[in-house]
Amino acid sequence: MGTPSWVVTPVRAWGHEAVGHGDTWLCVGTPGQEGWRHRDTWPSVGSGAPGQVWGHVAWHGDTQSRPLPPDFVEALRAVVGAPNVSTAMAVREQHGHDESMHTCAPPDAVVWPQAVGQVQELAALCYRCRVPMVPFGTGTGLEGGVNAVQGGVCFDLSRMDAIAELSLEDFSVAVEPGVTRKALNSHLRGTGLWFPVDPGADASLCGMAATGASGTNAVRYGTMRPNVLNLRVVLPDGRLLHTAGPGRQPRKRAAGYDLTSLFVGSEGTLGFLTQATLRLHPLPEAVAVTTATFPSVRAAVACTVQVLQAAVPVARIEFLDEVMVGACSRFSGLELPAAATLLLELHGSRHSLAEQQRQAEEIVQLNGGSGLAWAEEPEERGRLWAMRHSAWYAALALRPGCQGYSTDVCVPISRLPDVVVETKQDLQDSGLTGPMVGHVGDGNFHCLLIFDAQDPAEAQRVHTFTQRLGRRALAAGGTCTGEHGVGLGKRALLLEELGQEGLDTLCRIKAALDPHNLMNPGKVL
């Protein structure tokens with residue numbers, strides 16, 4: 001029967017029923033001990049019936065908001081100036097959605113703070129007036145993380161774009177939310193250092209921290225989590241927190257709870273990430289990229305597992321099925337065979353690179369792979385990765401005018417071949433257009449589902465497929481999201497992944513930091 005996935009805000013009331021997915025639930029208990037009970041288990045208690053019940057108002061994805069308080073917009077303007085506040089519908093709609101399939105939910109107002117002090121003042125104002133707050137970076141998320149499902153104020157942090165505290169000796173740098181990964185690496189040009197986490201989109205680095213982003217280089221350099229050393233966070237009531245202590249950037253620490261990791265992946269539900277101190281890496285001396293085609297999806301994924309087992313230090317190993325390769329080839333103008341394909345990139349010294357290439361070639365050939373041709377010049381490598389990074393738009397071009405949704409699961413490497421093959425068969429049986437692509441070196445892959453949003457039957461098949469895929473990943477010991485986050489769409493799967501006690505623990509953390517549920521309400525929990 002499960003439990004409802006609504007975000008709830010406590011109010012003093014009698015028993016409150018919430019209906020959804022054909023079920024009716026009642027919130028019962030005492031403050032701090034409340035819980036949802038299925039209606040069938042409480043036949044004697046009806047909606048509005050008197051009793052010692054702690055009621056809740058429930059939302060389930062749809063916008064449920066109240067008007068902003070009188071003179072509230074003027075108070076916003078007093079903090080950041082009139083040019084940095086907008087209530088225009090076009091601006092609000094622009095900030096009410098990301099790249100996901102979720103329906104636009106615009107905020108009531110958009111503000112552009114330009115300093116951390118302004119973020120603190122704005123947050124304190126919203127907190128006093130009980131107005132929801134939604135952080136916004138570049139809007140490139142894929143799970144509806146910026147949709148203002150309860151209205152409120154959108155904090156567009158793109159104008160806070162300082163790069164500070166660059167230390168070449170300590171391999172670290174501090175960036176504000178307006179700094180994207182491409183902007184940082186451009187700033188680092190000539191230093192011999194770079195920031196390798198690459199989710200494809202030119203996303204805000206603080207936004208990448210907020211979603212726990214990953215990407216093509218994670219198999220060698222890790223995801224955002226190990227690459228964030230410290231965070232400057234504005235809490236919901238306007239207080240300022242440095243998760244590792246002010247000005248600190250140690251490579252490791254064992255002092256108290258790991259607050260930095262708590263906020264990485266919090267998706268804007270605990271506070272505003274207004275600065276991230278990041279770990280930088282040396283640029284490799286030599287880089288080589290190749291594509292290899294395989295007779296089947298299973299052969300390509302099995303090759304990935306064997307490359308990792310052989311300890312070949314690959315920097316990137318990306319999988320594309322034959323549908324994805326065909327779409328990318330047409331979209332990018334590259335001629336590649338329409339077959340299951342791996343893109344491999346190796347980093348190292350010129351001497352070590354030759355040995356890595358030999359090892360990789362042997363394993364590819366053992367799995368029936370062919371077509372290896374190493375590209376070492378930057379222009380040629382750039383064309384191959386531009387093709388890979390255009391996968392989303394190449395998939396959309398398969399059905400012009402249709403909508404796209406990118407799934408995102410991650411499983412243990414040992415289970416990856418079976419899960420990918422089962423998913424491929426499921427796609428075919430469902431009659432869906434869903435080219436597959438993935439950072440398979442981490443066990444992370446995506447189905448880019450292209451469908452007609454005006455066709456309810458097809459939209460339902462997409463929803464049913466994504467739920468099966470999420471549960472298939474969980475059954476294999478994996479997770480329902482490897483890098484996109486929970487956002488709006490995966491809250492029910494989060495309960496199945498963590499269990500009730502795990503989810504309750506997250507709710508208690510949320511309540512401790514955001515007792516009025518004002519920070520990005522409706523997401524994650």
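## Exercises on a predicted model

The axes of helix H15 (residues 456-475) and helix H16 (residues 491-513) come within 11 Å and cross at roughly 15 degrees. Axes are lines fitted to C-alpha atoms, for helices over the stretch in contact, with angles from 0 to 180 degrees between N-to-C directions. This is a predicted model, where local features need pLDDT of at least 70, side-chain atom pairs count only at pLDDT 80 or more, and totals for chains, interfaces and linings use all residues. Residues are numbered from 1 along each chain as its sequence is written, and side-chain values use heavy atoms, with hydrogens and water left out.

**Exercise 1.** Classify the angle between H15 and H16, then list the residues that meet.

Step 1. Angles under 35 degrees count as roughly parallel, so H15 is roughly parallel to H16.

Step 2. Apply the contact rule: heavy atoms within 4.5 Å. From H15 come Gln467, Gly470, Arg471 and Leu474; H16 supplies Leu493, Glu496 and Glu497.

**Exercise 2.** Find the buried residues of helix H10 (residues 322-332) and their packing partners.

Step 1. Buried means under 20% relative accessible area, exposed over 50%, partly exposed in between (1.4 Å probe, protein chains only). Met324, Val325, Gly326, Ala327, Cys328 and Ser329 are buried in H10.

Step 2. Among the elements they pack against are strand E18 (314-320), strand E19 (340-348) and helix H12 (378-389).

**Exercise 3.** Count the disulfides.

Step 1. Look for cysteine sulfur pairs within 2.5 Å.

Step 2. The count is zero disulfides.

Definitions and conventions. Helix = DSSP H or I, 4+ residues; strand = E, 2+ residues; numbered from the N terminus. Parallel < 35°, antiparallel > 145°, perpendicular 65-115°, else oblique.
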